[in-house]
Amino acid sequence: MSHTHAAAGDLVEVGGLPWRARIGPYLPSLVVLVAAVVYGSVSSPYFLNFSALLVNTGRYVEIGLLALALTVVIINGDIDLSVASNLAVSAATMGLLVESGVGIEVAAFAALAVGLGLGAINALFIVGLGLPSLVVTLATLALYRGLAQILLGDRAVTGYPEAFIGVDQISLLGDWARVPLPLVLFLVVALLFSVLLTRTNFGLACYLTGSNQQAARFSGIKTDHTRAVAFMLCGLMAGAAAIMLTSRLGSTLSNVGLGLELLAITVVVLGGTDIFGGRGTIIGTVIALFAVMAVRESLVISNVNGQVQDAVVGVILILAIIVPLTVAHLRERSSQRRLR
Amino acid sequence: MRRVRRSAVLVATAASMAVVLAACGGTSTSDEAPAEAPAEEAPAEAPAAGGEALRVTYIPKNLGNPYFDAIVKGFQEAAPGLNMTVEVVAPAQAGATDQIPFIDAAIQQQVDAIAISPNDADALCPSLKRAADAGIIVITVNGDTAADCRQASITPVDFSQLGKYLVDLTAQVTGGKGEWAFLSATSTAPDQNSWLAGADEYIASGQSPAGLTLVDTVYGDDAPDKSATEAQALLTKYPNLAAINAPTTVGIAAAAQVLSQSPKKGQVQVTGLGTPNQMREFIKDGTVQKFALWDPALQGTIAANLIAGIKAGTIAPAADLEFEVPGVGQRVMAGADRVIIAGPPQEFDASNIDNFDF
């Protein structure tokens, strides 16, 4: 992998790049977004209903929150497969607390704390003991999900106060534009993550750690600290997503959010973040979230069944990885030929 | 430079948004029905003349499941006569929240009614209530949510009477005398346990056939191998056994398999609850005389008629409301929860098994 930081967005000032190179990392998700919108509008007269689409974004915000933090983890050269299981434990904790009579604010705060704590446990194993993140988080994917099942068993927690239920139905700006509150929250968090990655030393450390961990460490970057913080951010976002999801559903089950980690990773990779680390942007992840959403929504509104939807998302992910690699490879070859 | 690069992205995003908005202007998304429905939405059977066809979305738990396919068949056979089109969509997994996008899509499509076999009693409620707020008729089929999330619910059979029925079914196949045993699923399955308790009550009441003696209840954990082992053990343990009653589709098939290769075939009867497709060979080879389940298609038929009636205003869901289902008969929305029992258990034997495919 050649890691030119031009693609990382804001690290290196690059002059005179053609526009193609500038939007290059975002091209796959933009193509998918436009293609899905075109497909949706052609196949169903009900797809292009802007306010309905806007309301439906509420369902994708949880995936989006996970994807934002995963972007940082993946830029570091790590992976966190346990986010959705972490979400389930956070949600289960919140549910049990509410059931035992604790106020919803305290319970929600506890969800964030549990999420952060489970993220810290991941960090402890990965950074503290030097184990590979793929293996550790594969283990905690099962461990945390099992924990949620032990906490809740087969039953559902439903005793949430009415005022807490339905955050996705709250919209800002009234009837003028029904922008759901979760979408606004997501965009604010995305902005914070973007600032974190592009305007802080931490962000710089992430890109350097992901490009070449050893070199970064020898240059005085606290790579351990950087990676640990990223895992804890992931945990925190899992806690936040747990609150959103619980509010949307008004109930908690131990299998809540099952499989969300795969969608979130799909979003990150489609958004141009290099799965091997060192490259990636928040804006890419945000665009990719809308692209995945457009794909899902256009398929579901065209009455395409679940299995086919899953397959389509899988194909898109593979294409999103293969096509840019192939294009880059071809371009490199042709420029080499020119040099000769 | 940084600014330039970012603005390039913004332009691209804005461009795609512009596509969205421009297309919005050109497409009818208001309450007036769209001028042209896409080809795939057209019903297979042309709707009866007069008036716009009722648009119904049925969301089963999942697809490729013969049981739910049978419900769909009931729906689709009733639809043309009711001037109704039925769209069937389902998620890949049967997770608690997997049906939500399909409910939201149905709302967006402004369908007339949603029928759903819910995967979860609670998680779907907010979405279903939103559908109701949008003026969509919501009913549940073969499974239920909280009663305030739907107008009515259709349940396949009267489960409170099923325990008694299972004893009577055993009496039918044994001539009303002999030792018999239950082969159940897991010892913690709530539905199975409630049926077994119902059977015990019936026996304790003294009204059950006097010649029958329930000698044992064993659990096959709904695993074919464990169920077969347990069935085999029953044959060994009770030399005079007259019948094994397995009120679980896995258990009855496993017990029939064991018996079909046993010298006791014909001497011991296997009965209980099973699906025709699983049990067909055992009926044909004489291992099994008679078993039961319910007819899932009947739920689809009743659902289609119920929706049409609610839409036409001839049925206004209320506690204990009686209504007529053409070709089926009188049905009642029992209790404040408005639960409709589709019908009595459906019995299968050599004379009728080929009429069923699920």
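In this predicted model, helices α8(A) and α9(A) pack with their axes 5 Å apart, at an angle of about 70°. That puts α8(A) roughly perpendicular to α9(A) (the label covers angles of 65 to 115 degrees; under 35 is roughly parallel, over 145 roughly antiparallel, and the rest oblique). An axis here is a line fitted to C-alpha atoms, for helices over the stretch in contact, and angles run from 0 to 180 degrees between N-to-C directions. Helices are DSSP runs (H or I, at least four residues), strands are E runs of at least two, and both are numbered from the N terminus.

Who touches whom? On the α8(A) side you'll find A:Leu196, A:Leu197, A:Thr198 and A:Arg199, and they meet A:Phe202, A:Gly203 and A:Cys206 of α9(A). Contact means that C-beta atoms, placed from the backbone, lie within 7 Å.

Now look at α9(A) by itself. Eight of the 11 residues in this helix (residues 201-211) are buried, so the rest of the structure largely encloses it. Buried means 20 or more other C-beta atoms within 10 Å of a residue's own, while 12 or fewer is exposed and in between is partly exposed; these C-beta atoms are also placed from the backbone. A:Gly203 and A:Cys206 are among the buried ones, along with A:Tyr207 and A:Leu208. Their cover includes α4 (61-75), α8 (181-199), α10 (213-218) and α11 (223-249) of chain A.

Over in chain B, the axes of α7 (residues 224-237) and α8 (residues 249-260) come within 8 Å and cross at roughly 55°. That makes α7(B) oblique to α8(B). The α7(B) residues include B:Ala228 and B:Ala231, and those of α8(B) include B:Gly251 and B:Ala254.

Here is the make-up of both contacts, with Ala, Val, Leu, Ile, Met, Phe, Trp, Tyr, Cys and Pro as nonpolar, Asp, Glu, Lys and Arg as charged, and the others, Gly among them, as polar.

| α8(A) with α9(A) | four residues | two residues | one residue |

Stepping back, chain B has 10 helices and 14 strands, and 45% of its 358 residues are buried. It's divided into domain 1 (50-157 + 296-342) and domain 2 (159-293), with bounds from an automatic or database domain assignment. Their centres, taken over C-alpha atoms, are 33 Å apart.

Residues are numbered from 1 along each chain as its sequence is written, and chains are lettered from A and ligands numbered from 1 in the order in which they are written. As the model is predicted, local features need pLDDT of at least 70 and side-chain atom pairs count only at pLDDT 80 or more, while totals for chains, interfaces and linings use all residues.

Key: Two residues are in contact if their C-beta atoms, placed from the backbone, lie within 7 Å.
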